[in-house]
Amino acid sequence: MAQRDVSGTVAEPPAVPASELFSEERSAEVVAASFAGTRDPRLHRVLTSLVRHLHDFVKDVELTDEEWAAAIGFLTATGQTCTATRQEFILLSDVLGISMLVETLNNRAGDDLTESTVEGPFHVVASPRRELGASIAEDGRGTPCLVTGSVAGPDGRPVPGAEVDVWQADDEGFYDVQRADERAHGNLRGLFTADAEGRFRFRSIVPRYYPIPADGPVGRLLEATSRHPNRPAHIHFEVSAPGYRTVTTHLFVAGTPFIDSDAVFGVKPSLVREFPEVDDPARAEQAGLPNPFRTVHFDVVLSPADDEGVR
Ligand code: BEZ
Ligand code: FE
């Protein structure tokens, strides 16, 4: 609005160039320009690209007021569902395939390197440190299984002392943190140190497929889109060693239900293994397991940390 200065002269407000005003056509450009003073160049690039894609999306679907309110409500409920042991936002990222996309972009495994997959929301309590050969199945329920493996570099040289962190669901498809009893925390988790030849072994049970937590906003999204919530049976591994890039991955059980339709898109063919049965009382006794038992073997190949071109 025009204003009088002290001499009583009417001064016109400075004109704002039309190119700087918000409009339907120029919305993304105007908002992106507002970030011009961002000091961190990477943050500037990410924010301006995000705004451009979000504005394109809103225009593409001609988002209504009601839909925008529903989206805000959905994201609010997603946040309100998070607790110390439940991460609904990671779950949302998982079912939208974002977790796998970020994982894949950042871990382009070269030939022979162990491929990575999603970490998932259940690596939320520290795994108890255990001796090689120990059992991670504290309650002993389920089909016994001996897990053996090795950790090496791409040249085949063993990585002695590599840390092997494992976690898996129980025989009913629940992780320990999903159980009401806090004393169960640590069941079916273990942190092992590979021996001088880079080998590891532990006793466990054959994992079962399970539904991701579907009683919250993410479950409602799956329901509304007629998608099932199940993940094929797997054991999680996070393997690390000084001088190597940590790999976060799974071993999937060959033939498990949902291997072709994982709710979080995490399956890679190189990570699927047979878990054959061994019926041999002597070997069972040697392994410290009842006869018969199942076995699986996993040779992990880590990328050297300075291998920029590969990962
Ligand atoms: C998991 O494997 O633990 C997991 C991964 C993504 C979503 C839910 C669970
Ligand atoms: Fe899992």
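**View 1. H236 is buried in this predicted model.** The relative accessible area of H236 is 3%. That value counts as buried because the cut-off is under 20%. H234 is buried too, with a relative accessible area of 1%. Both histidines give an NE2 atom to the iron ion (ligand 2).

**View 2. Four residues of the protein hold donor atoms for the iron ion (ligand 2).** Y175 and Y210 each supply OH. H234 and H236 each supply NE2. These protein donors lie 1.8 to 2.1 Å from the iron ion. Along the sequence, the donor residues follow the spacing Y-x34-Y-x23-H-x1-H.

**View 3. The donor arrangement around the iron ion (ligand 2) is irregular.** The iron ion has 6 donor atoms around it. They subtend angles of 55 to 163 degrees, so the arrangement is classed as irregular. Six donors count as octahedral if opposite donors are over 155 degrees apart and all others between 65 and 115.

**View 4. Ligand 1 takes up the space of the largest cavity.** Residues surrounding ligand 1 include L91, D94, G120, P121, F122, I212 and V264. The iron donors Y175, Y210, H234 and H236 also surround ligand 1, as does R231.

Definitions and conventions. Residues numbered from 1 in each chain as written. Chains lettered and ligands numbered in written order. Predicted model: local features only at pLDDT ≥ 70, side-chain atom pairs only at ≥ 80, totals over all residues. Heavy atoms only, no water. Donors = N, O, S within 2.8 Å, 3.2 Å for Na, K, Ca; no water. Tetrahedral: all angles 85-135°; square planar, octahedral: opposite > 155°, others 65-115°. Buried < 20%, exposed > 50% of the residue type's maximum accessible area, 1.4 Å probe, protein only. Near = heavy atom within 4 Å. 1 Å grid on protein atoms, 1.4 Å probe; cavity = no way out; pocket = protein on both sides within 12 Å on 5 of 7 lines; lining within 4 Å. Sits in = over half its atoms within 2 Å of the grid points.
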